[in-house]
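Take a walk through this fold with the model open beside you.

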Amino acid sequence: MTTYEVNPIGIIRCNEEGFFLCLDKRFIPALEGLDGFSHLQVLWWFSDLDSAPYRSVLQTEQPYKNAPERMGIFATRSPIRPNPIGLTAVEILDLDKTEGIVRIAYIDAHDNTPILDLKPYTPSFDRLEAPRVPDWCRHWPMSLEQSGEFNWDNEFNF
């Protein structure tokens, strides 16, 4: 099997001051042109769960209420997967191109999580008008904005 080398471009900071994407100094020039974009797609590494045993898990017992009793890992948003890559759409609150810091509204990653890549969110490529989902999760919010108000505690079996 072919292997690929991926190097982080920075880290995610989560603290009492908020959520931040902190780029390594050498990648700061790559922020040029992001002005005017409201959101980013952040690709990040589930570094806390990167181990051979976790990478070998291909199925899991019902992680979501009302979901099938057994699910393939690719049908979940689990951090335990063959390649522990996370993808989150985030709202840009502030862009400091001098320091290489992007303040964001929220991200579902831990403090010091490695960032692999950033891509601007563009509706022409990233937005779907009518996505289909299984019946068991059809009541979930249809947008990131609505998700903040949704009671996710009622959805998971952990």
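Is Leu34 buried or exposed? The model is a predicted one, and in it Leu34 has a relative accessible area of 10%. Buried means under 20%, so Leu34 counts as buried. Its place in the chain is the loop between β2 (18-23) and β3 (39-45). Beyond its neighbours within four places in sequence, Leu34 is in contact with Leu40, Leu95 and Pro120.

Six strands form a closed barrel in the order β1-β2-β7-β6-β3-β8, and their pairing is antiparallel. On average, neighbouring strands of this sheet are turned by 45 degrees against each other, direction ignored. Strands of a sheet pair through backbone hydrogen bonds. Look at β3 and β8 (residues 113-120): they run antiparallel and are joined by five bridges. Leu43 stands opposite Asp117 in β8.

Next come the aromatic rings. How many aromatic pairs does a search of the whole structure find? The count is nine. In one of them, Tyr64 and Trp140, the ring centres are 5.3 Å apart. Their planes stand at 75 degrees, so this pair is edge-to-face. The two residues lie 76 apart and link distant parts of the chain. Tyr64 sits in the loop between β4 (59-61) and β5 (70-72), Trp140 in the loop between α2 (123-126) and α3 (144-147). Tyr64 is buried at 5% relative accessible area. Trp140, at 18%, also counts as buried.

Terms used:
Residues are numbered from 1 along each chain as its sequence is written. This is a predicted model: local features need pLDDT of at least 70, side-chain atom pairs count only at pLDDT 80 or more; totals for chains, interfaces and linings use all residues. Side-chain values use heavy atoms; hydrogens and water are left out. Helices (H or I, at least four residues) and strands (E, at least two) are DSSP runs, numbered from the N terminus. Buried means under 20% relative accessible area, exposed over 50%, partly exposed in between (1.4 Å probe, protein chains only). Contact means heavy atoms within 4.5 Å. Two strands pair if DSSP finds at least two bridges between them. Axes are lines fitted to C-alpha atoms, for helices over the stretch in contact, and angles run from 0 to 180 degrees between N-to-C directions. Rings of Phe, Tyr and Trp (its six-membered ring) pair if their centres lie within 6.5 Å; planes under 30 degrees apart count as stacked, over 60 as edge-to-face and the rest as tilted.
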